Amino acid sequence: MRISRRVLAAAAAVAVVLPLSACGSGNDGGGSTDASGKVEGDITFQTWNLRANFKSYFEGVIADFEKKYPDTQVKWVDQPAEGYADKISADAAGGTLPDVVNVSPDLVAPLAKAGLALDLDKSAAQYKKEYLAGAWAGHEVPGMTGTYAFPWYLNTGPLFYNKSLFEEAGLDASKPPTTYDELFSDALRLAGKSDGKVATLANVPTIEDFGRYGVDLMNKQGTAFAFNDAKGVELLTKYQELYDAKALDPQALTATPESSGKKFLTGAVAMNPGSALDLGNFKKQAPNLYKNIGITDQITSTGKVNMYVMGVMVNSRTKHTPAAVAFAHFVTDARNQMSFAKKVAIFPSTAGSLDDPYFTKEDGSDETRVRIAAAKSLKNAVNYTPVLFSEQMKTALRNEVAKALQGKESPEAALDNAVKACDRLLQQQG
């Protein structure tokens, strides 16, 4: 599986709801939080749909670790993308959760609440300075103190735009929108000039879009959602205007990242988020688009772009805490992250790594230009999707947004209803 912005977006969309029985499950008799002892013992490391394309890389990392710590043995298991959350939930409930687990922030939250994720602020605080502050904070859980996974690979991406479509609408293709006001204005012009045949955007606003717009998504205690404030209503109202003018693709209500990408390829949509990997696809599948591709930064009102973050969690019930913590750190250290980043278009979460010439030195290629821009933006990027925002909550928000866009509810009522639904689900999480 190629790792891209879309892959991480999909990963972030998966949520796990642990049965209450998980609170009492695990390897009773294990579970020391002291990681300072001898690094020894057999541990299991679980990844998320990575074996197919990165088998030799992970086998190399494990071999290096076992050479450094000859009294250890690491068993590597890889789970398919489909059903990963359910597999973690079942393992957590059954006491068979691996010692070291590849997680996204929303997957780690219920594990932390169930007492199954080791608090690294207590057990591995000496490593904190090795990582970007925003990445280390990516696996904090509102309402709890601590950090519950080592940050691993990051991703973000620019906005691609079709220069020829901008020019046909009488817009300056060398000056793409940099603010939301410019985006909405250009979108209405593109739709008007094409008689509704060219939309600018292909996706309805998600929770991260509200975050980028500057909406306070939750209260400071993490006990209730707040994206129905005036700024949230303002954003949804703007999207409603775009939808009515066909500046937002009519099929946006049911769009997936893949379907949106296809619309962009065919020239039905003028702008689409993506990653460096997409440029190769454009070159092969849509050479005319590739010749007219424009690359610009994510639009944000906060000055900080959105990032997707993956993590490596240590099972608090492991019987070999020093080995599990040492291996989780080893997988995510600067050397191994840098090696991984050169095999696939992801970015290391380790401090200083983004200053490497690989992420800063231009060579004239579009791929490098995208990589350099993304790396620069990641230094102060944040994960806007709240850790506690589950898949059910995303569905609730999407359903209410759809009602507002279709005129079945006002933007105010839609967001009020979405917040109520999400708060109810939040209470059910316990």
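Modeller: Let me begin with residue classes, where Ala, Val, Leu, Ile, Met, Phe, Trp, Tyr, Cys and Pro count as nonpolar, Asp, Glu, Lys and Arg as charged, and the others, Gly among them, as polar. By that division, the lining of the second largest pocket holds 11 nonpolar, 9 polar and 3 charged residues. This is a predicted model, in which local features need pLDDT of at least 70 and side-chain atom pairs count only at pLDDT 80 or more, while totals for chains, interfaces and linings use all residues. Residues are numbered from 1 along each chain as its sequence is written, and side-chain values use heavy atoms, with hydrogens and water left out.

A pocket is an open set of points on a 1 Å grid over the protein atoms alone, with protein on both sides within 12 Å along at least five of seven lines, whereas in a cavity a 1.4 Å probe fits but cannot get out; lining residues have an atom within 4 Å of a point. The second largest pocket contains about 620 Å³ of space, a volume being the space filled by probe spheres set on grid points joined across faces, edges and corners. Of the 23 residues that line this pocket, those nearest its centre are Asn 383, Tyr 384, Thr 385, Pro 386 and Val 387.

Elsewhere, helices pack against one another. Helix α2 (residues 51-68) and helix α15 (residues 334-341) have axes that come within 11 Å and cross at roughly 165°, the axes being lines fitted to C-alpha atoms over the stretch in contact, with angles from 0 to 180 degrees between N-to-C directions. Phe 54, Tyr 57, Phe 58, Val 61 and Asp 64 of α2 meet Arg 335, Asn 336, Gln 337, Ser 339 and Phe 340 of α15, where contact means heavy atoms within 4.5 Å. By class, this contact of α2 with α15 has 5 nonpolar, 3 polar and 2 charged residues.

Conventions: Helix = DSSP H or I, 4+ residues; strand = E, 2+ residues; numbered from the N terminus.
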